[in-house]
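Try each task yourself before reading its solution.

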Amino acid sequence: MEHVILRHRNIPDLHRLEVYQAHGGYEGWHKAVTEMKPDALIDLVKASGLRGRGGAGFPAGLKWSFIPKDIFPKYVVVNADESEPGTFKDREIIERNPHQLIEGVALACYAVQAGTGYIYLRGEFKQPARILQKALDEARAAGLIGQNLFGTNYSLDIQLHLGAGAYICGEETALLESLEGKLGQPRNRPPFPALVGLYSKPTVINNVETLANVPPIALNGADWYKKLGTEKSPGTKVFCLSGRVNRPGNYELPLGTPFRVLIEDLGGGIIGGKALKGILPAGASALILPASAIDVPMDYESVAAAGSMLGSASIIVLDETVDILWATEKMVRFFRHESCGKCTPCREGTHWLVREMERIRRGEGKPQDIDLLLDITKNMSGKCFCLLGDFATSSIVSTIKHFRGEYEAATRTNGQ
Amino acid sequence: MLSAAARAEIEAHLKKYPTKRSAIIPALYIAQRAHGYLTPEAIRDVAQVLELEPTEVRSVAGFYSLFYKEPVGKHVIHFCNDLPCALRGADEFLKKLCARLGVEPHGTTGDGMFTVEPAMCLAACDRAPLMQVDLDYFENLTEEKLDEILDGFRTGTIQTDAASVIKSELA
């Protein structure tokens, strides 16, 4: 497998500027600034079919095209608040291939004619931030970022910003609030950030992995990129494999690779040769898929058709030894802890989900508590201010759907 | 009182943003360094530099889990026991960590050396069990490795760099 994103796995010391440049680094950047009109760059990314890698899968070029031409200043904000349980791909990109991210940010800034890019890293990324800052300093010293780049009148500044521990800041409008120095709570939409974003100015927000895809596209073209992956989901994706597998880790694969290849071939199968029980394809936010989904191709459309979502592609593997109720309680606890408190359905709903799960797991649940859990989720789904509230219900709804027997066994003894 | 150096460091961060308020998180990190947690004086000092009300600063500090409003140990351990790590034995390992230190989760050792906080995902699920000490990663832990690390902090052979990570000069 040829790596497009995790190129450091083939090229030692790729985090060093001279090594990155010796392998085509910043060539696309130089070409864009000196030879391309910003719109041509947007068209190129549109033509590549690149879709956002943060979770939603929205076409990146289309997102950039929403930025109005006549309002200044504009901003590019990079979401490096990688916090979804089971996700650890952006960290590897930042630590091992930081220049590809920086070049991607620079290209996004040029495409929408932003003069400033902010990279928002989760507070726990102190060490990754240090590596990225060093790479950024190198790029500045080499004249790749700064004033009047390559003798043109285009100037660019990129700054790093560390958060301070809040999952919700991965939600793009909460991230903007946090960057403005406020509580990290989501904003109402519309207006969308493309029009009214950071400091109320037009703003593009992209995930780390999305932007790391842009330099190879700028260098090799859209046709080259479209040869990878599927027609509707072109390119490669970094899949984070964790849980009960022999070889957890990041694996960069063409979109559309089946779960089986990742879990059995690359991941070395399940620990102790146990049977697969379920797959969480997008961390704690995803609806769980039963073991029968093992041959589903990992692309946006196929995982959705199978009843879940590809999201950030953080694949958590559960085997037959895992107590589903235990795993579900872990996930709802996560969301209770991370609920920002802004809206009532999420703040109260996550609290009640945890209480109910605790009661059932203590052996004090009654059979009707299963429907009570579902009733709580109905009062949250679609009624919360942002998607975190909806995601908080995913584990409950889907584990009751696929593993209802375990809930019934845990509540049976208490009768009516 | 913020030291002159701390104040200068906050001032330098201001240059990165069009509003002073945006520097609130960097400023709070700097202010927290002096005592390991945010004292009421530290909150007031940050508010003064950023031209905000202390209550505004306190509310932001209260929102984020990496700002401490009460005294904590000299070293704060964040141990991940979220689902992916727990599938690889993190809950049992956390019990061992707490037993070694003689604390409950969220507790601080009697000598004030360590505070243990269970953490939500730290983006290292393939290297469980793992923890951060003062936000430096310690991964693929074994009991032997854990003992070495804790001893290293006690004897001073392991040190974490508390200095600001992100520099503030403009391009």
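A polar contact here is a pair of N or O atoms within 3.5 Å; within protein, one must be able to donate a hydrogen and the other to accept it, and residues adjacent in sequence count only if both atoms are side-chain atoms. Please keep in mind that this is a predicted model.

**Exercise 1. Domains 2 and 3 of chain A**

Solution. 
- Step 1: Chain A is split into domain 1 (7–226), domain 2 (236–319) and domain 3 (324–414), as the domain assignment has it.
- Step 2: The C-alpha centres of domain 2 of chain A and domain 3 of chain A are 23 Å apart, and the contact draws on 10 residues from domain 2 and 12 residues from domain 3.
- Step 3: turn to area. On the domain 2 side, Lys277(A), Ala284(A) and Ile288(A) account for 49% of the area buried against domain 3, more than any other three residues.
- Step 4: look for polar links. Between domain 2 and domain 3 of chain A there are 3 residue pairs in polar contact, both residues at pLDDT 80 or more. Strand 7 (residues 276–284) of chain A gives the most to the domain 2 side, with 3 residues. That side consists of 8 nonpolar, 1 polar and 1 charged residues.
- Step 5: find the salt bridge. The rule gives 1 salt bridge across this interface. Lys277(A) and Glu406(A) meet in a salt bridge through their side chains, at 2.6 Å from N to O.

**Exercise 2. A sheet in chain A**

Work out which strands stand at the edges of the open sheet, and why one side of each has no neighbour.

Solution. 
- Step 1: write down the order. In chain A, 5 strands make an open sheet in the order 6-5-9-7-8, with mixed pairing.
- Step 2: read off the ends. Strand 6 and strand 8 (289–290) of chain A each have a single partner strand, so one side of each is left without a neighbour in the sheet.
- Step 3: check one pairing inside the order. Strand 5 and strand 9 of chain A pair in the parallel sense over 4 bridges. Ser242(A) sits opposite Ile316(A) of strand 9.

**Exercise 3. The interface of chains A and B**

Characterise the interface between chain A and chain B.

Solution. 
- Step 1: count residues. Chain A brings 66 residues into contact with 47 residues of chain B.
- Step 2: take the area. The two chains bury about 4,500 Å² between them, 58% of it on carbon and sulfur atoms.
- Step 3: The side of chain A that touches chain B has 29 nonpolar, 21 polar and 16 charged residues.
- Step 4: count salt bridges. Chain A and chain B share 3 salt bridges. One of them joins Lys330(A) to Asp91(B), with the closest N and O atoms 3.0 Å apart.

**Exercise 4. Backbone details**

Solution. 
- Step 1: Phe72(A) to Pro73(A) is cis, with omega near -10°. Pro73(A) is in the loop between helix 4 (60–65) and strand 1 (75–80) of chain A.
- Step 2: Arg189(A) to Pro190(A) is also cis, with omega near -5°. Pro190(A) falls in the loop between helix 8 and strand 4 (203–207) of chain A.

Definitions and conventions. Residues numbered from 1 in each chain as written. Chains lettered and ligands numbered in written order. Predicted model: local features only at pLDDT ≥ 70, side-chain atom pairs only at ≥ 80, totals over all residues. Heavy atoms only, no water. Contact = heavy atoms within 4.5 Å. Buried area = accessible area lost by both parts, 1.4 Å probe. Salt bridge = Lys/Arg side-chain N within 4 Å of Asp/Glu carboxyl O. Nonpolar A, V, L, I, M, F, W, Y, C, P; charged D, E, K, R; others polar. Domains from an automatic or database assignment. Helix = DSSP H or I, 4+ residues; strand = E, 2+ residues; numbered from the N terminus. Pairing = 2+ DSSP bridges.
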